[in-house]
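Student: I'd like a close look at one part of this structure, the surroundings of the ligand. Which residues come nearest, and how does the rest of the chain look once you step away from there?

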Amino acid sequence: MLDHCTPWPAERAERYRRDGYWRGESLVRLLADAARTHGPKTALVGAGRRISYAELEQEVRRLAAGFRDHGIGDRDRVVVQLPNTPDFVRVCFALFTIGARPVFSLPAHRDVEIRHLCELSGAVGYVSPGLLRGFDHAALARRIRSEVPTLKHLFVCGDDPSASDGDPVVPLSEVDGDPDAAPFPVLDPSDVAFFLLSGGTTALPKLIPRTHDDYTYQVRAAGSAASLTERDVYLATLPVAFNFTWGCPGIVGTLRAGGTVVFAEDPTPETCFPLIERERVTLTSVVPSVVQLWLEGAEWLTDDLSSLRTLQIGSAKLHRTVAEQIEPAFGCRLQQVFGMAEGLCTFTRDGDPAETVLTTQGRPISPADEIRIVGEDGAEVPAGEVGELLARGPYTLQGYYRAPEHNARAFTEDGFYRSGDLARLTDDGNLVIEGRIKDVIIRGGDKVSAAEVEGHLQALDGVARAAVVAVPDDFLGERTCACLVRADGAEEMLLPELKRAMQARGLAEYKLPDRLVYLDELPLTGLGKTDKKALAALVRGERPPETGAFVPSRDRTA
Ligand code: AMP
C-alpha cells in the first residue's frame with residue numbers, strides 16, 4: 001500500500017504490467033544494471049570529479065549504509081536540497097537503496113518552503129547544501145529542526161560556517177558505512193521512490209509521489225522519444241530537482257542508457273558552453289528564457305558546440321521566433337517538450353515536419369498516455385478546439401501526497417488529472433499549449449502559485465487586500481505583479497521594501513514580486529471574487545473589460 005498516496009486502480013495497474021510498461025524494475029536495479037554493463041565508463045562529471053558507473057554504485061552503497069547507521073530507515077522521508085553536483089545523484093540513489101524517500105527541494109528554497117516540506121512529508125532527515133551562493137542553509141537546517149518535531153537528522157554537503165561542538169549536523173563526507181554489514185531492504189517496485197514538488201496552484205505546495213515502476217518507465221519512454229543511447233552526454237543545465245532535468249529523460253534516463261551526465265553549476269552560456277565543448281555534450285534540456293541567453297551567448301562566445309545533437313526546450317511557452325533560431329545558431333535539432341512533475345510528457349520527434357517542431361509540443365511519450373481536452377462543463381470539446389488538458393497513464397499520478405480534499409478537485413472520477421493547462425490537438429495529434437486556467441505564474445522555468453504569494457502579501461503590515469497577476473515579459477515570459485490595497489492609515493511601500501518584507505518571511509527569491517501596484521480597490525467579479533482578468537488588463541495599462549469598473553492604480557515599482 002502506498003501510504004497517504006493514491007495507487008493506480010488494480011485494473012489499470014495490471015494492464016500496465018501486462019503490456020510491459022511497468023517491468024517491476026526499481027531505480028536501484030536500474031543503477032545496478034547500468035554498473036554491470038558499463039562499469040568503467042564515466043557516469044557523472046561535476047564538482048571536479050569524474051565518477052565511473054562502478055564507482056558510483058560502490059559509493060552509493062557505502063553512503064546508503066552510512067545513512068542506515070545514522071538511523072535513516074525504510075520509508076523515511078528525507079528532504080534533499082542540493083545544487084547541480086554528482087552528490088545529488090549519490091544521495092538520492094543511496095536513499096532509494098535503503099527504501100527511504102527523498103523529497104526534492106530547490107536550492108532557491110528558504111525557511112518557508114523547507115519547513116513546509118518537512119512538516120508535510122513528516123521528514124526525519126534533511127540533506128542541506130551548507131553555505132551556497134552566500135546563504136547559510138546549514139543554519140536554516142538548525143532553525144527548522146528546532147521547529148519540526150519529526151526532523152532528527154541533519155546532513156550538510158558543503159561549508160558549514162555555523163558548526164559548533166556537539167551540534168547535530170553531520171557532514172555528508174562522514175556518512176559512510178559497510179554495505180555488507182546487513183542486507184538492504186528488498187524494494188517493492190510499485191512503492192513510492194521519491195517525491196517531486198508540484199508547480200502549485202494552492203497556498204502551500206504539494207508533493208507528487210513517484211513510484212519505481214512509473215519513473216523507470218517514464219525515463220525509458222522519454223529516452224526512446226529523445227533517441228537516447230549510451231553514446232549520449234547529457235548536460236544537467238537546469239536545477240537537478242526539476243522533473244525535466246531528472247527524468248525527461250534527463251539524468252536518470254542517461255544513466256539507464258549508459259551515457260554520461262555532466263553537471264552545470266548554473267545555466268549561463270559562460271558556464272555551459274565550455275562544458276559542452278570539453279565534454280562533447282550531445283543533449284541538454286532548457287527553458288525558453290535560458291535559450292535566449294544562449295542565443296545571445298552564441299553570438300560572441302567561441303566555444304565549439306558542434307557535439308550538440310538535440311536541444312530540448314520546455315517548461316514554458318516557446319515562441320516561434322525563438323524556435324526558428326535554434327538550428328541555425330547551434331547546428332542541432334530542437335525538441336519541444338511539454339511536461340509536468342505530475343507525469344504526462346509530450347515531445348516533438350526527430351523526423352517530424354519542421355512546422356510541427358516549431359509550433360507544437362508534440363505527442364505523448366507513451367502509447368498508454370490518455371489525453372482529454374474538455375470544456376468548462378467537463379465534456380470533451382470538438383476536435384481541434386481549445387479546452388483544459390486532462391491526462392492519465394502509466395506515469396501520471398493518481399493523487400497528491402496527503403491531500404484528499406485537493407485530490408477530489410484535481411482528478412476526475414475516472415482518474416484523469418486536471419492539469420489546469422489550456423491546450424488543443426492538431427489534426428495529426430500534436431499538442432499545442434494555449435494558456436492556462438490555473439492561477440500560476442510561469443516565471444522563466446519557475447512556477448509561482450498566486451495563492452501562495454497572496455497569502456504572504458496579505459499577512460504584511462499595512463496591507464488590506466492583495467492579489468498577484470502575471471505581466472508579460474520579453475525575457476522570462478511572465479513576471480509577477482503584486483496588486484495591493486493599503487490598510488487605513490498605512491503608508492504605501494516601494495517595491496524594494498516589499499521584497500525585503502517578503503524575504504524576511506523566509507520566502508524563496510523567485511516568488512518575490514517583480515512589480516508593485518497600489519489600487520484603491522481590487523476589481524471584483526459578479527460573485528465578489530477578485531477579477532484577475534480585469535486586474536491583469538489594468539496592470540498592462542489596458543482599459544479594463546466592460547464589466548470591470550475603472551480602478552485607478554499607482555505603480556510603486558521604482
Ligand atoms: P512543472 O511540474 O513544474 O514541470 O510544471 C508543469 C507546468 O509547466 C505545466 O502544467 C504547464 O503549465 C507548464 N509547461 C510545461 N511545459 C510547457 C511548454 N512546453 N509550454 C508551455 N507550458 C509548459
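Tutor: The tour below starts at the ligand and then moves on to other parts of the chain.

First, some ground rules. This is a predicted model, so local features need pLDDT of at least 70, side-chain atom pairs count only at pLDDT 80 or more, and totals for chains, interfaces and linings use all residues. Numbering runs from 1 along each chain as its sequence is written, and side-chain values use heavy atoms, with hydrogens and water left out.

Now the ligand. It has 16 residues around it, and the nearest are Val337, Ala341, Asp421, Lys438 and Lys447; near means that a heavy atom of the residue lies within 4 Å. By type, that shell splits into seven nonpolar, four polar and five charged residues. For this tally, Ala, Val, Leu, Ile, Met, Phe, Trp, Tyr, Cys and Pro are nonpolar, Asp, Glu, Lys and Arg are charged, and the others, Gly among them, are polar. The element that gives the most to the shell is strand β16 (residues 333–340), with four residues. Helices (H or I, at least four residues) and strands (E, at least two) are DSSP runs, numbered from the N terminus.

Polar contacts here are pairs of N or O atoms within 3.5 Å. On the backbone side, a ligand nitrogen sits 3.1 Å from a polar backbone atom of Ser315, and a ligand nitrogen is also found 3.4 Å from a polar backbone atom of Ala316. On the side-chain side, a ligand oxygen is 3.0 Å from an N or O atom of Lys447. As for cover, the ligand taken alone exposes 490 Å², and the protein buries 89% of that; the areas are Shrake-Rupley values with a 1.4 Å probe.

Asp421 and Lys438 form a salt bridge with their closest N and O atoms 3.6 Å apart, the cut-off being a side-chain nitrogen of Lys or Arg within 4 Å of a carboxyl oxygen of Asp or Glu. Asp421 belongs to strand β21 (residues 417–425) and Lys438 to the loop between β22 (431–436) and β23 (440–443), so this pair ties together parts 17 residues apart in sequence. Asp421 is buried at 7% relative accessible area, whereas Lys438 is partly exposed at 25%. Buried is under 20%, exposed is over 50%, and partly exposed is in between, counting protein chains only.

Stepping away, the salt bridge count comes to 44. One of them joins the side chains of Arg90 and Glu59 at 3.0 Å, N to O. Since Arg90 lies in helix α4 (residues 86–97) and Glu59 in helix α3 (residues 53–69), the pair ties together parts 31 residues apart in sequence. Arg90 and Glu59 are both buried.

Compare that with Glu147 and Arg115, whose closest N and O atoms are 2.5 Å apart in their salt bridge. Glu147 is partly exposed at 37%, and Arg115 is partly exposed at 24%. There's also a network of salt bridges that links Arg486, Glu492, Asp520, Arg554 and Arg556.

Most residues other than glycine have a negative phi, and most peptide bonds are trans. Cys248 and Pro249 are joined by a cis peptide bond, with omega about -5°, and Pro249 sits in the loop between α8 (243–247) and α9. Helix α9 itself (residues 250–257) is mostly covered, with seven of its eight residues buried, including Ile251, Val252 and Leu255. Just after α9, Gly258 takes a positive phi of about 85°.

Ala47 isn't a glycine, yet its phi is positive at about 50°; this residue is in the loop between β1 (42–46) and β2 (49–52) and is exposed at 60%. Arg280 has a positive phi of about 55°, sits in the loop between α10 (269–279) and β14 (283–286), and is partly exposed at 41%.

Last stop: His406, in helix α15 (residues 404–410). His406 is buried at 14% and touches Thr201, Thr202, Lys206 and Tyr400, leaving aside residues up to four places away in sequence; a contact means heavy atoms within 4.5 Å.

Technical notes: Buried < 20%, exposed > 50% of the residue type's maximum accessible area, 1.4 Å probe, protein only. Polar contact = N/O pair within 3.5 Å; in protein donor to acceptor, adjacent residues only side chain to side chain.
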